[in-house]
Amino acid sequence: MAALATLLPAPGPAGLALERLEGLFDRAFGQRLNPWRHLGALAFFCFWLCAATGIWIYVAFDTSATGAWASVAALDRGDFPLGAFARALHRYSADAMVVVVVAHLVRELARRHHATFRRYAWVTGVLLPLPLLAAGIGGYWLPWDQLALWSLTATTEWLDAIPLFDGALTRNVIDAGQVNDRLFSLFIFLHIGIPLALLATMWAHIQRVSPARTQPPRALAAGTLAALAALSLAAPLELLPPADLSSLPERLPVDWFYLFAHPAMAAMSPEGLWAVVLAAFAVLAAMPFASRIARAPAARVSLANCNGCARCFADCPFGAVTMVPRSDDRPHPREARVDSALCAGCGICTGACPSSTPFRRGESLVTGIDMPSLPIGEAREALERRARTLEGEARIVVFGCRWAADTASLERPDTVAIALLCAAMTPPSFIEYALRAGADGVLVAGCREGDCEFRVGSEPAAARLAGVRAPALRPSVPRERIRLAFAGRTDGARLRAELEDFRRHLRRLQPGAASPGLPPRRQEPRHG
Amino acid sequence: MNAGLRLVSQAALYAAFAAFIGYFSTSPAFEPIAPGHALLRISLNHAGQRKSACHVRTPEELAKLAPNMRAAEDCPRERAPVRVKVELDGAAIADIVAVPSGFSRDGASVAYRRLAVPTGVHRLRVALADDAAGTFDRVREETVTLEAGRVLVVDFEPGKGSILLR
């Protein structure tokens, strides 16, 4: 257990600063609706909003060199129902997608989520800005106004820096004879094809999480939609004069979310921009391979204790557990198998395993799926040993999470803390066991709601205690002696206050009423 | 935080998010060309002349070839690079050497440059050489008036009168 500390990357200053910032958002949105915890889902939401508005305005768009500008002008005039509004919402939702994708990347980086079992998600995520920006920049060409021509020319100048082209691409867009309907067909093909490629990349990005969250909570989606819709009404888009190959406007209202690369290129050179872009991608993509973050040992299946119930399979947030046909002679059709490359080492599977119950009477507790870095048997021994030391009016056992608020600092004669790999590693039976071992109350302290280091741990932890998810806490266990707290690494003071409140609550209850004692232990382990 | 204050806080944060997007979606404005300047785009897509002349095969040489290979001339594939010199009011502002494309250097020479030039009335001289000796045998010299933001394209198309200014 001591070696475990070296496996956990210490939260860096950026991670802690971000957690404090998220704490401020918690006050406004609550932990569950905090937008920082739904950035990936918000990106999907923005994508679909963009797709829906894009389809709507495409109905009225004229895909021709001579008609494109006029059709967009007609949209803005209101010749097509909701045309100007949909066009603005299309733009702003695309901009919002850049914001949430960048915020998502920064957040994951600050939390050091770029290595080990997250390597695949990181690398596919780093690739995402490429189709995202390409799709957005291509969209700016369609209205064929002055901004479109400037962006198109700047893009071809950048691509022409590739020795293969040598200026051939730009030549196609500075000659009026070359700017024809075929070119606009190409624009449309790109503006539909590249977003589809973006969607495919997003799909690939979420393949190793289970379940993937691609929809933000309704309240958050509604708030985001309302904000973008209000912006679309308050600041409709400005269509510049039609593209004129013989002139450049003095000033252009640039969308910095997508078109920032053009001014950057003007400030350096096309070759310089290539160097910056390639270096940025190379550094980000190489980060997981250069990381020194050690990998937590993967969960291990004990076939002798696995009956193939599939609860670990259902609860694994990274799809590391699969159910396969039985490989031994036990009378169960399936068994759990762990893909160590995908396993995060979170222990949520151990908390889900019915064999993890400490009431099993064997001398040693071996469960169906266990964590080598913190076997559940050691957790039971620690609980028994430490519960015996409790004294006072309100004796409390705290089951904590090593990634959440520090629980060791909560310890005092009437309080012991057992930090697990995740709050959801706590089998509900351990809570009942703690009460029978002498505790007057049990506090389960996990990460902030929705902010689990392992994505979803706080949810199964809460659902099991509420009795709505297997393995559920038995109905006979007094609920008034159990409390669930969500506190992040920077929420130590709040957790202490929560514990103190729980302590006062327990003092009002009859002491020792929940502690009938532990059942006797057999010398030989038995399971079934 | 009570429910009312929480709602107000949420509204403020949503408004800040929308304001952030709304502002940077169009601002600050960018100047694509420095004030008081026009833009000269030099664009070229032209195959230079062959680097060496074709050799007319003698009857003896033809006889040595297979019947289906008896072309009258043996032409080396490699072409000469195309060179363009641009002068503004007597000062050289561009000297471009565009090498032929292709592994055998037998394709067209392609080049593109963008140059910001001060506005005003200028004497523009463009000279182009496309043979192996580098002879500038195509020249166009003209007085041009460039207003701020004007884009003048310098092109070369033999079929449309050699050097074009448009």
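Q: How are residues, chains and ligands labelled here?
A: Residues are numbered from 1 along each chain as its sequence is written, while chains are lettered from A and ligands numbered from 1 in the order in which they are written. This is a predicted model, where local features need pLDDT of at least 70 and side-chain atom pairs count only at pLDDT 80 or more, while totals for chains, interfaces and linings use all residues.

Q: How many residues does the contact take from chain A and from chain B?
A: Two residues are in contact if their C-beta atoms, placed from the backbone, lie within 7 Å. Chain A gives 37 residues and chain B gives 33 residues.

Q: Which helices of chain A supply at least two residues each to the side that touches chain B?
A: Helices (H or I, at least four residues) and strands (E, at least two) are DSSP runs, numbered from the N terminus. On chain A, the helices are H2 (13–29), H5 (83–110), H8 (146–159), H9 (168–171), H11 (218–234) and H12 (256–259).

Q: What classes of residue make up that side of chain A?
A: Ala, Val, Leu, Ile, Met, Phe, Trp, Tyr, Cys and Pro count as nonpolar; Asp, Glu, Lys and Arg count as charged; the others, Gly among them, count as polar. The side of chain A that touches chain B has 22 nonpolar, five polar and ten charged residues.

Q: At what angle do H11(A) and H1(B) pack?
A: Axes are lines fitted to C-alpha atoms, for helices over the stretch in contact, and angles run from 0 to 180 degrees between N-to-C directions. H11(A) and helix H1 (residues 3–24) of chain B pack at about 50°, with axes 9 Å apart. Angles under 35 degrees count as roughly parallel, over 145 as roughly antiparallel, 65 to 115 as roughly perpendicular and the rest as oblique. So H11(A) is oblique to H1(B).

Q: Is the crossing of H11(A) and H1(B) left-handed or right-handed?
A: A crossing is left-handed if the near helix is turned anticlockwise from the far one by less than a right angle, and right-handed if clockwise. The crossing of H11(A) and H1(B) is right-handed. Residues in the contact include Gly223(A) and Leu231(A) in H11(A), and Tyr14(B) and Phe17(B) in H1(B). By class, the residues of this contact are eight nonpolar, three polar and no charged.

Q: How do the axes of H5(A) and H7(A) cross?
A: The axes of H5(A) and helix H7 (residues 129–139) of chain A come within 11 Å and cross at roughly 160°. The two helices H5(A) and H7(A) are therefore roughly antiparallel. Their crossing is left-handed. Among the residues in contact are Met97(A) of H5(A) and Leu132(A) of H7(A).

Q: Where are the domains of chain A?
A: Domain bounds come from an automatic or database domain assignment. In chain A, domain 1 is 15–239 + 256–290 and domain 2 is 300–507. Their C-alpha centres lie 42 Å apart. In the contact, 13 residues of domain 1 of chain A meet 17 residues of domain 2 of chain A.

Q: What is the strand order of the open sheet of four strands in chain A?
A: Strands of a sheet pair through backbone hydrogen bonds, either parallel or antiparallel. Two strands pair if DSSP finds at least two bridges between them. The order in chain A is S6-S5-S7-S8, with parallel pairing. S6 (415–420) and S8 (482–486) of chain A are at the edges with a single partner strand each, so one side of each is left without a neighbour in the sheet. The twist averages 20° from one strand to the next.

Q: How many bridges join S4(B) to S7(B)?
A: Six bridges join strand S4 (residues 82–88) of chain B to strand S7 (residues 120–129) of chain B, and these strands run antiparallel. Val86(B) stands opposite Val126(B) in S7(B). S7(B) is also joined to S8 (residues 138–146) of chain B by nine bridges, again antiparallel.

Q: What pairing does the open sheet S6-S1-S9-S10 of chain B have?
A: This sheet of four strands has mixed pairing. Within this sheet, S1 (residues 37–46) and S9 (residues 151–157) of chain B run parallel, joined by four bridges. Arg41(B) has Val153(B) in S9(B) as its bridge partner.
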